[in-house]
Structures are given as C-alpha cells and as structure tokens.
Amino acid sequence: MFKSVSVVIPAYNEEKNLAATAVFLLERLNKNGISNFEILIFDDNSTDNTGKIADELADRHLQIKVIHNPRNMNLGYNITRGFQLATKEFVGFVPGDNETEPETLDNIFQNLGKADIVVPYIQNPEVRPWGRRFLSKTYVIIINTAFGLNLKYYNGMCFFKTSLVKKVPVSTFGFSYMTEILVKLIKSGAGFIEVPMINRVRERGATKAFRIKNIISVFKTFLTLFWEIQILRKRVKL
C-alpha cells in the first residue's frame with residue numbers, strides 16, 4: 001500500500017475555478033483515506049486573481065504550497081516541474097479548471113501503489129467531437145505500434161512513483177510531454193495499471209491540438225523519442 005501522494009495543480013487564469021478545484025481534491029483525498037499528501041499549485045503567471053486565491057488557499061491549508069511562475073510556462077512545464085518538486089511517494093496532477101469527475105480521482109487514488117504508474121484512459125470518448133476522437137485514436141495507434149506498447153491513452157492525469165518519474169529526462173513541454181514520460185518509463189521496465197476516467201463535454205473553447213505548431217512539436221518529439229528508444233536503445237535506470 002502506498003504511503004503518501006503529491007498532487008500538482010497547474011492553473012492559468014483560473015480565478016473562478018481554482019478554489020473549487022482545491023476543495024474538490026481535498027474531499028477526494030479524504031474520502032479515499034489519504035492523509036499524507038501535499039498539493040503544489042502552479043500559478044502560471046496568471047493575469048487575474050489566480051495567484052492571490054492560491055496564496056489564500058495555502059494560508060488555510062498547511063499541505064498546500066504555491067509556486068508563482070515569473071512568466072507563462074505552459075502546462076507541460078508546470079506538471080514536469082511539479083514532479084521534480086514533489087516530496088511524497090507518488091505524484092500526479094489535477095487540472096485547475098474543476099472539470100475532473102469524482103469517479104476519475106477515486107479510480108486513481110484507489111489504485112495507487114498497485115503499480116509504478118496509474119494510467120487513466122477515457123471511458124466515454126463519444127462525448128468528444130469526431131475529429132478529436134479520430135486524432136486521439138490515430139495518435140495512440142502510432143505510439144503503440146512504434147514502441148511495441150498497448151496503452152489505451154497517453155495524455156491523461158497519470159500518477160507515478162515519484163522516485164522513478166524524477167529520473168526521466170524530459171525534452172518537451174509541449175503536447176507530447178506525458179507520452180515521452182510514459183514511453184521512457186515503461187520501456188525501461190516500470191509497471192503500470194490502466195484505470196477508466198470520465199471525460200466531460202467541453203463547454204468552452206476549442207481544442208488546441210489541431211494547431212500547426214502543436215502538430216509539428218508532437219512530430220519532432222516522436223522522432224526524437226523513436227531515435228532514442230528504438231534506435232539507440234536508451235533506457236532509464238530505475
């Protein structure tokens with residue numbers, strides 16, 4: 001059984017959602033009997049009151065720590081930096097938008113300690129637009145085929161054994177940062193367990209996955225990862 005967990009909350013202009021996210025997370029930790037934890041909130045140089053709200057949360061809860069970025073660093077940086085700062089046995093992240101379903105966190109927390117990595121996959125992909133579903137499924141097939149894996153999803157709220165994820169050199173903070181971490185750890189021998197997560201219907205904004213710069217970033221990361229893992233046979237010493 002695992003002993004403790006660190007949870008990273010990346011937040012950019014989430015003044016309307018951050019407090020509710022923190023309360024929700026505290027409730028799920030308590031419901032699942034997790035008393036030894038820390039919450040690392042990353043205020044990603046927000047232009048609203050996100051930073052102030054984060055500091056107020058830290059004042060009320062000793063387990064909450066706040067990191068204020070001097071400039072906007074984006075999601076991948078906040079999460080991977082949080083992994084490096086984590087002090088508990090397992091570490092993962094929860095988005096600061098308060099759109100995570102309770103069942104998702106329960107599934108994750110109840111499976112911590114059963115493997116080195118807990119990998120959530122989308123249980124209800126039909127709520128996404130067909131284009132996003134096609135892109136996601138194609139991406140998974142490509143990664144699985146290229147690296148001889150069989151994961152259902154590569155971009156979820158993964159939780160890792162902290163001592164292992166800290167050893168992974170990350171070359172990108174773009175869309176494929178989680179793929180890089182997962183592939184490097186699993187190909188190095190880390191064990192994993194997959195758990196279902198509920199995906200909410202996007203109520204605002206469109207996905208950024210189709211932006212040309214993001215597609216180029218993912219392609220470059222894929223080529224670099226394939227070269228290192230499949231050609232040079234590089235592995236992380238676990």
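Rings of Phe, Tyr and Trp (for Trp, the six-membered ring) pair if their centres lie within 6.5 Å; planes under 30 degrees apart count as stacked, over 60 as edge-to-face and the rest as tilted. With that in hand, welcome to the tour.

This is a predicted model, in which local features need pLDDT of at least 70 and side-chain atom pairs count only at pLDDT 80 or more, while totals for chains, interfaces and linings use all residues. Residues are numbered from 1 along each chain as its sequence is written, and side-chain values use heavy atoms, leaving out hydrogens and water.

**Stop 1: the aromatic rings**

Select Phe147, Phe222 and Phe226, which ring pairs link into a cluster. The structure holds six aromatic pairs. Now zoom in on Phe222 and Phe226: their ring centres are 6.2 Å apart and their planes stand at 35°, so this pair is tilted. Both sit in helix α8 (residues 212-231), four residues apart, and therefore about one helical turn separates them. Helices here are DSSP runs of H or I with at least four residues, strands are runs of E with at least two, and both are numbered from the N terminus. Phe226 is partly exposed, at a relative accessible area of 29% (buried means under 20%, exposed over 50%, partly exposed in between, with a 1.4 Å probe and protein chains only).

**Stop 2: two helices side by side**

Next, select helix α1 (residues 18-31) and helix α2 (residues 50-60), which pack at an angle of about 30° with their axes 9 Å apart. That angle makes α1 roughly parallel to α2 (under 35 degrees counts as roughly parallel, over 145 as roughly antiparallel, 65 to 115 as roughly perpendicular and the rest as oblique). Axes are lines fitted to C-alpha atoms, for helices over the stretch in contact, and angles run from 0 to 180 degrees between N-to-C directions.

Show the side chains: Leu18, Ala19 and Ala22 of α1 meet Thr50, Ile53, Ala54 and Leu57 of α2, where contact means heavy atoms within 4.5 Å. Six of these contact residues are nonpolar, one is polar and none is charged.

**Stop 3: two asparagines in loops**

Most residues other than glycine have a negative phi. Select Asn13, in the loop between β1 (5-11) and α1: its phi is positive, near 50°. Asn13 is partly exposed, with 29% relative accessibility.

Finish at Asn98, in the loop between β4 (90-93) and α4 (102-109). Here too phi is positive, near 60°, and Asn98 counts as partly exposed at 27% relative accessibility.

Conventions
Nonpolar A, V, L, I, M, F, W, Y, C, P; charged D, E, K, R; others polar.
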